[in-house]
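Hello,

Here is the structure I promised to pass on. Please open it first, then read my notes below.

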Amino acid sequence: MCGICGIYNFSGKRIDRNVVRRMNDIGQHRGPDDEGFLFVNTNNNQHQQYLGMKSDPKLSNQYPQISQLDETQYNLALAFRRLSIVDLSIAGHQPMSDASGQIWLTFNGEIYNYVELKKELEGHGYLFRTSGDAEVLINSYIHWGEKCVERFIGMFSFVIWDSIKKEFFGARDRFGVKPFNYYIDELQFIWSSEEKQIIASGLVNLEFNIDTLSNFFLLNQLYDGEETFVKGIRQVLPGHSFKIINNELHFRKYWELNIAFDNSALPSQKRIEKFRELFFDSVRLRLRSDVPIGIALSGGLDSSSIAIVSKEILQDKLRTFSVYYDVDKKYDEREFIQEVLDTGGFDPVFYTQDQQVNLQAIQSWIFHQDGPTTGASPYSAYLNYKNVRKAGIIVLLNGQGGDEILAGYPYYFKYLISDQLKRLQFGKVFSNLNQWSKDQSNAYSLKQLGGGILNLFLSKDSLKMLENRKYSTPELYVNLKSHITKGEYNEKWDSDLSQSLYDTLRVSMIPHLLHWEDRNSMACSIESRVPFLDHRLVEFMFSLPNEEKIDHGLTKTLLRRSLKNELPDKILNRRDKKGFGTPTDLWTSGVFKNEIRDLLNSTSMKNRPYWNISKVQKAFDQNNFAENELWKLVTTELFMLEFEQLNRNSSIHEFN
């Protein structure tokens, strides 16, 4: 797990070493263990590796310091920050080349099946100097070419300079677990793991993206496409690779979620066995590490399943890390967490923050996010990561993606009802409604029925507009409605439930969840791994009927059946659904209310062209915002302040 960045000047113009250093320095949290640089003249293939201030001292006899960079006309620079996870030796230093020194790589992420790929490549005659996955990636590219990415099980973003073909190639993993940001014009291609690295270059004018802001405030949507919160800085979409040909960027979509085999006719027991096989293997691969591993344990079904299976695979005591808040019972899941801990084999750490939060801490954290967030739950997760790092844990497994492939949110209920009504499955409709009445109330059950009926008659856009009323007060914003850009929804499933799961997986939820997951973990120099987003497991779940997701009112049906002998009954039979509980509204209306009032009265916030500040201030006085809307406004302003300061410093080369 690492950070990458670099510059490719198409004109052949020499790259300023200080620009690359600034970009790499601001990403040092992504890789505190080592750093490296490669400078290349793409015309004559002359190249040289350099070290930085944070490079491993053991490498000092092999490469010069970047301060010794000569005046050679290098027009391509690859920079790297390393968080050592596998092969902790200096052999894992990057930029890394193949044995011939002609293929160069910088790589962020993990290829979890590198052991199996290495064995296959050795069978083809390849020799290896290291025991990590980076060299496997290089040789996979040499052997399979651009299609190597189709063989990877993992999370990754990388670039390769092929001096033989004089080609620049890169890719991002299937779900976008690892980021890849870039800026391109007719003169240059600049790339990085984080948006702030590109701003730190001083080569890109800072302008906030009004389209992205419009989607964020009016649709509660972010990171649902190529655009970021900074105009001109884009992200490579998940499941895409790219090449630069004649100074132009060309993309190839190497993966799409499709059903290779329809498993709907597979007997129930076979489905259970297949799910167990895939889930256990996904967790097993993500337990590969040469550094200590921990589990994020929330008390929900997903994280509990990962913890139980990890313990069974490792047959060793595992550290778990949990966050709770005493301020309200709904933000405290210790009673469920304890059920997992009581199965034995765990060393738990609990962490609470409660009244210790303040706006200055939020502002520092939002800088790491490279944008605002829709609520405070990501901040809770960040606090947990800080605690994890203090405990000496470098790799953390968590349950992101479980809800989106197993239909864990009540949000999905209406789509299930819609499917069953269309298919005249009235017995199943009654069964689900009856159970939800018992779990919640008759009113709740009728609400799901109403949602299912509305879905039959309303367009997707109309339904989403109804849903967005919960998150937005449109009259607060100025000239944003005309800038709304809809996400790239692909209508490809006959089932409304499957389509909804696909939408949340590819557009509306997972992209921003993975964004803050990456920024939070890497801000604390931790590698976060997500077993539920193994593409094999996802493809299998989408090949099954609705009943394996929601049945008799119970969500995540197949996961529960598959682990019924391992999970505690209290977890297995849990029917309520909580997100990462965080008292967002209690913070904004209480703990730092006075600080927010000062922010709303600041000159910078008053001068922003995105909102009507008098209406915002009135809503603040009356505490009259949509859900988490004040948090969105505050974190947007804090993000803008931080990036404006960074831009000023970088523009005059004051960044250290």
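Accessible areas here come from the Shrake-Rupley method with a 1.4 Å probe. On that basis, the protein chain has an accessible surface of about 25500 Å². Carbon and sulfur atoms hold 47% of that surface. Please keep in mind that this is a predicted model.

**The whole chain**

The protein chain has 656 residues, and 62% of them count as buried. It holds 25 helices and 20 strands. Its C-alpha atoms fill a box of roughly 75 × 65 × 45 Å along the principal axes.

As for charge, the chain carries 77 positive and 83 negative charges. Their mean positions are 2 Å apart.

**Helix H5**

Start with helix H5, residues 210-219. Of its 10 residues, 8 are buried, so the helix is largely enclosed by the rest of the structure. Which residues of H5 are buried? They are Thr212, Leu213, Ser214, Asn215, Phe216, Phe217, Leu218 and Leu219. Their cover includes helix H15 (460-468) and helix H25 (629-651).

Both ends are worth a look. Asn209 caps the N-terminal end of H5. One of its side-chain oxygens lies 3.0 Å from the backbone nitrogen of Asp211. Just after H5 comes Asn220, with a positive phi of about 60°.

**Helix H1**

Helix H1 covers residues 17-25. Its buried residues are Val19, Val20, Arg22, Met23 and Asn24. What do they pack against? The partners are strands S1 (2-9), S2 (34-40), S4 (76-82) and S10 (188-192), plus helices H4 (195-200) and H25. At the start of H1, Asp16 brings a side-chain oxygen to within 2.8 Å of the backbone nitrogen of Asn18.

Ser157 sits in strand S7, residues 154-162. Its relative accessibility is 0%, so Ser157 counts as buried. The side chain of Ser157 reaches the backbone oxygen of Pro179 at 2.9 Å. Beyond its neighbours within four places in sequence, Ser157 has contacts that include Ile4, Thr106, Phe107, Asn108 and Ala171. Arg172, Lys178, Pro179 and Phe180 are also among the contacts of Ser157.

Leu257 lies in a loop, between strand S13 (248-253) and helix H6 (268-286). Is Leu257 buried or exposed? Leu257 is buried, with a relative accessible area of 0%. Setting aside residues up to four places away, Leu257 touches Lys492, Trp493, Tyr502, Leu505, Val538, Glu539 and Phe542. Asn432 is 175 residues from Leu257 in sequence. In space, their C-alpha atoms are 28 Å apart.

His512 belongs to helix H17, residues 510-523. Buried means under 20% relative accessible area. His512 has 12%, so it is buried. Not counting residues up to four places away in sequence, His512 touches Leu222, Tyr223 and Thr374.

Best wishes

Methods:
Residues numbered from 1 in each chain as written. Predicted model: local features only at pLDDT ≥ 70, side-chain atom pairs only at ≥ 80, totals over all residues. Heavy atoms only, no water. Buried < 20%, exposed > 50% of the residue type's maximum accessible area, 1.4 Å probe, protein only. Helix = DSSP H or I, 4+ residues; strand = E, 2+ residues; numbered from the N terminus. Contact = heavy atoms within 4.5 Å. Polar contact = N/O pair within 3.5 Å; in protein donor to acceptor, adjacent residues only side chain to side chain. Lys, Arg positive; Asp, Glu negative; His and termini not counted. Charge placed at Lys NZ, Arg CZ, Asp CG, Glu CD.
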